[in-house]
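Hi there,

Here is the structure I promised to send over. Have a look at it first, and then read on for what turned up.

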Amino acid sequence: MRNILTERVLWFACCIAVLTSLAFALHTPDNFHPDEVYHADAFRYYEGRFWPPDLNSDGIIYSVYGTSYIYTGEISYLVLGNLGFLVKKLIPKTPTYTLYRCLNVALLLGTLIFVFTRRPLLFDNILFCLFALGFPQFLYIYSYCNGDAFSLSCALILFFQGIFLYEHPFAAWRWRDVVLLGLLTGLVLTVKQNYCIAGIPPLTLLCYKALRERGDLLPESGRLMVKGGVAVIIILAVAAPLKIFYPMSQDNYLEQRAQMLEQRAAPTHRPSTIKPDAKPGEIRNFMRLAQRGYGVSDIINWRLFEGRTYMVTLAESAWGVFGWMNVYAPTGIYLLVLAILLFMALLNARSLLIQRAATAGVVRVFYLSCLLTLILGVAATLWFSLYYDLQAQGRYLYPAFAALLFAVCGCLPHEEGRAGVAAQYAGLALFCLAQFTLWRGCFQLIRS
């Protein structure tokens with residue numbers, strides 16, 4: 001069987017993927033995607049600013065929950081908002097939605113270039129990139145105005161930076177690599193809260209390296225302590241302002257926040273209306289379910305969107321559901337995708353078990369850390385749905401996106417034997433299905 005997945009083919013696939021996201025960005029109306037008006041307002045606030053306003057300030061677009069992305073402590077809006085501010089200086093009168101959609105598409109391009117050119121020895125990043133492009137939800141996230149895209153890019157780049165440092169001796173760690181590790185770790189801790197789990201696989205690798213090569217640490221202990229100290233300082237410098245210092249700057253932060261939620265939320269979303277005996281109409285049906293006596297089994301068994309269960313909706317939207325969770329692919333496509341991913345996961349696990357290379361031990365440890373990250377991603381989504389609001393949205397699983405890709409294809413070489421070639425064809429089939437689903441969804445959104 002001939003190897004068909006060359007670097008040129010993958011670059012071509014990356015170009016198609018970026019152009020598809022750009023088409024979504026430029027040809028769908030403003031506020032046509034989930035919470036886009038709230039994301040855009042947060043970006044717009046941070047244009048030329050580096051600090052959030054006082055809690056419960058006027059002039060902000062509050063969601064039905066009574067809060068704003070400005071107050072979530074996510075650095076995504078500060079970074080991209082100021083980048084957008086610079087772009088507007090160069091290109092005045094650029095529409096806000098178009099600007100931040102295009103910045104996210106540029107972020108997608110930069111992320112793909114970083115991931116594709118990193119060339120880890122631990123696993124085959126060519127298959128990794130191809131299967132990433134086979135998830136239309138991945139490309140869709142980068143096609144509209146939101147803070148998730150920046151969070152996802154930070155998580156993916158940290159994933160590869162951790163692998164890069166593992167593959168180099170401690171003595172060869174350059175200052176720029178240590179600084180980048182500290183910066184990425186700080187960013188992952190300061191983007192969306194659930195993205196903190198994205199640090200588990202790279203952190204596991206570095207801990208494994210430290211334990212395995214502890215004898216080599218002694219000669220470099222002084223230098224490594226200095227580099228580690230600098231990395232910690234960078235992490236704190238990035239994460240502390242919005243996550244620690246801003247809440248400290250607000251007198252009685254928790255009380256003020258509770259007052260803001262009560263005052264700014266829609267009547268059905270106010271904390272005071274959430275009581276065990278609340279009736280539909282008095283409260284949003286799926287708010288604070290644990291407080292009202294429901295459990296995980298209730299969530300899993302409920303029929304939600306068009307008769308789909310919670311877990312089916314979560315799985316389908318992790319691969320590709322667009323708009324306000326209302327543009328689905330045909331059921332047959334989801335079943336075919338499930339079959340491809342299950343086939344690949346089994347092929348990947350088989351390759352892991354029969355590996356005899358010197359790296360087999362660390363690959364197995366890394367694989368287990370990725371499985372743990374996936375489990376925690378699902379658990380975090382269930383917890384959010386139970387204790388806050390029922391959200392069967394697959395994008396909430398994307399903190400574990402890199403871990404999922406490694407569990408699907410990370411142990412397979414793309415150039416060796418029948419398994420590698422089968423993985424190539426499976427990846428290309430998934431990519432074609434993703435492109436069909438994206439363009440179909442784009443036309444459906446435009447027509448609606």
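Keep in mind that this is a predicted model. On the H4 side of the contact you will find Asn104, Leu107, Thr111, Phe114 and Val115. They meet Ala149, Phe150, Ser153, Leu156, Ile157, Phe160 and Gln161 in H7. Sorted by type, the residues of this contact are eight nonpolar, four polar and no charged.

Next, the core. The largest nonpolar core has 127 residues, and Phe138, Phe159 and Met344 have the most contacts inside it. Helix H7 (residues 148-166) gives the largest share of this core, with 14 residues. Another core lies apart from the largest one and has 11 residues, including Ala318, Leu382, Leu390 and Ala392.

Finally, find Leu205 in helix H9 (residues 200-212). Is Leu205 buried or exposed? Its relative accessible area is 2%, and under 20% counts as buried, so Leu205 is buried. Beyond residues up to four places away in sequence, Leu205 touches Leu122, Gly162, Ile163, Tyr166, Val362 and Phe366. Leu205 and Val362 are 157 residues apart along the chain, yet their C-alpha atoms are separated by 7.6 Å.

Enjoy exploring!

Notes
Residues numbered from 1 in each chain as written. Predicted model: local features only at pLDDT ≥ 70, side-chain atom pairs only at ≥ 80, totals over all residues. Heavy atoms only, no water. Core = buried A, V, L, I, M, F, W, Y, C linked by side-chain atoms within 4.5 Å. Buried < 20%, exposed > 50% of the residue type's maximum accessible area, 1.4 Å probe, protein only. Helix = DSSP H or I, 4+ residues; strand = E, 2+ residues; numbered from the N terminus. Contact = heavy atoms within 4.5 Å. Nonpolar A, V, L, I, M, F, W, Y, C, P; charged D, E, K, R; others polar.
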